[in-house]
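Okay, thanks for making the time, everyone. I'd like to walk you through some local features of one protein, so let me put it up on the screen.

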Amino acid sequence: MSGDFVEETEGAAGDEWEDLDVSDDESDRIARRQDREFESFLKRLKDADQFKVQDGAFDDATFAALYKLVQDGHLAAFGGPISTGKEANVYEAAAPEGDDVAVKVYRINASNFQHMREYLEGDPRFEGIRGDKKAVVLAWTRKEFANLKRASAAGVRVPEPVAVQRNVLVMELIGEATNPAPTLHDVTMENPETAYDVVREYMRRLYGAGLVHGDLSEYNVVVHDGELTVIDVGQAVTVHHGNADEFLRRDCENVAAFFSRQGVETDADALYEHVTAVEADPTGEASAPGDASDSGASGDGA
């Protein structure tokens with residue numbers, strides 16, 4: 001991981017984020033048309049072992065979204081599942097140029113969609129969103145894509161977003177499908193102080209870009225090739241969210257507690273002060289005293 005941390009991000013944060021339309025889109029229309037080419041594609045996917053999921057997790061419109069991503073040149077071949085969960089499955093896939101990518105498919109009938117609503121309500125990007133499961137899950141998927149773009153632009157190492165279509169998100173694959181990148185919880189760190197410097201700088205960059213992760217802990221930071229990568233940013237909220245400060249303090253408590261157990265001298269209050277030392281400017285222009293290089297955060301976290 002490179003160690004030159006950037007102090008400025010481009011674009012606007014908070015209220016100025018783009019509107020996210022979760023109404024019927026091209027993938028829904030494709031599913032309704034059921035043209036011959038799509039029907040053939042649908043049959044191949046449904047017959048593939050990796051897509052034989054129970055409980056009707058994938059409806060035809062979800063398969064249509066995959067079809068649209070193939071037609072748009074984002075996907076070329078599908079591999080097996082990397083992980084499965086109550087809200088989403090993640091699959092390995094290949095892009096047309098041959099690079100491996102991760103395909104995250106959110107279930108429209110997500111059992112925990114009310115939990116999703118807690119992070120959507122109060123976010124100015126999603127004011128007035130309908131309460132049905134489809135609208136919530138589609139908004140959540142686009143929210144994760146938007147959060148990945150915002151975090152990446154701020155200089156936070158996250159899986160690079162590639163494309164989003166309905167309830168399907170394509171992003172960079174960290175590690176390998178057969179050997180997923182371990183989380184901080186699962187590794188023995190040779191230099192926990194440096195890893196802590198990196199994580200807290202990531203938190204400060206997110207905050208400067210108008211974002212709070214909202215669920216940050218040792219389980220949401222993975223280690224691959226000496227780099228620390230923040231994952232699972234779907235729940236991240238803007239600093240304008242009514243619970244943003246509560247979420248940030250909880251993140252600080254989780255991160256400080258973990259690194260304290262690794263022998264790092266820190267606490268939640270000190271971490272909170274460091275993160276909020278950068279002003280969360282609605283214009284997206286982050287400014288803070290000092291330079292990240294002074295913290296000794298080289299980017300090599302483990």
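D225 is exposed, with a relative accessible area of 67%; on that scale, buried is under 20%, exposed is over 50%, and partly exposed is in between, using a 1.4 Å probe and protein chains only. D225 sits in the loop between β9 and β10 (227-230), where helices are DSSP runs of H or I with at least four residues, strands are runs of E with at least two, and both are numbered from the N terminus. Its phi is positive, about 55°, even though D225 is not a glycine.

Quick housekeeping: this is a predicted model, so local features need pLDDT of at least 70 and side-chain atom pairs count only at pLDDT 80 or more, while totals for chains, interfaces and linings use all residues. Residues are numbered from 1 along each chain as its sequence is written, and side-chain values use heavy atoms, with hydrogens and water left out.

Now, D232 also has a positive phi, near 55°, and is a residue other than glycine. You'll find D232 in the loop between β10 and β11 (237-238). Is D232 buried, exposed or partly exposed? Partly exposed, at a relative accessible area of 34%.

The pocket is lined by 37 residues, and the ones closest to its centre are S83, V90, K104, I231 and D232. On terms: on a 1 Å grid over the protein atoms alone, a pocket is an open set of points with protein on both sides within 12 Å along at least five of seven lines, a cavity is a set where a 1.4 Å probe fits but cannot get out, and lining residues have an atom within 4 Å of a point. Grid points are joined across faces, edges and corners, and volume is the space filled by probe spheres set on the points.

Which elements supply at least two residues each to that lining? They are β1 (77-84), β2 (88-94), β3 (100-106), α4 (113-120), α5 (133-153) and β5 (168-172). By class, the lining has 19 nonpolar, nine polar and nine charged residues; Ala, Val, Leu, Ile, Met, Phe, Trp, Tyr, Cys and Pro count as nonpolar, Asp, Glu, Lys and Arg as charged, and the others, Gly among them, as polar.

There are cavities too: three of 30 Å³ or more. Two or more residues come from each of α6, β8 and α7, and α6 gives the most, with three.

On to salt bridges. Side chains of opposite charge can pair when their charged atoms come close. The cut-off here is a side-chain nitrogen of Lys or Arg within 4 Å of a carboxyl oxygen of Asp or Glu, and the whole structure has nine. Let's stay with α6 for a moment. R200 and D197 meet in a salt bridge at 3.7 Å, N to O, and both are buried. They're three residues apart in helix α6 (residues 192-208), so about one helical turn separates them. R204 and E201 pair up at 3.3 Å, N to O. That pair is also three residues apart in α6, so again about one helical turn, and R204 and E201 are both buried.

R261 and E218 also form a salt bridge, with the closest N and O atoms 3.3 Å apart. R261 lies in helix α7 (residues 244-261) and E218 in the loop between β8 (211-212) and β9 (221-224), so this pair ties together parts 43 residues apart in sequence. R261 is exposed at 56% relative accessible area, whereas E218 is buried at 9%. And here's D232 again: salt bridges that share partners join K104, E144 and D232 into one network.

Last topic, the rings. There are two aromatic pairs, meaning Phe, Tyr or Trp rings (six-membered ring for Trp) with centres within 6.5 Å; planes under 30 degrees apart are stacked, over 60 edge-to-face, and the rest tilted. F258 and F259 have ring centres 5.0 Å apart and planes at 80°, so that pair is edge-to-face. Both F258 and F259 are buried, and together with Y196 they form one aromatic cluster.

Finally, the charged end of R249 sits over the ring of Y272, 3.8 Å from its centre. The rule there is NZ of Lys or CZ of Arg within 6 Å of the ring centre and within 35 degrees of the ring normal. K143 has its charged end over the ring of W140, 5.0 Å from the centre.
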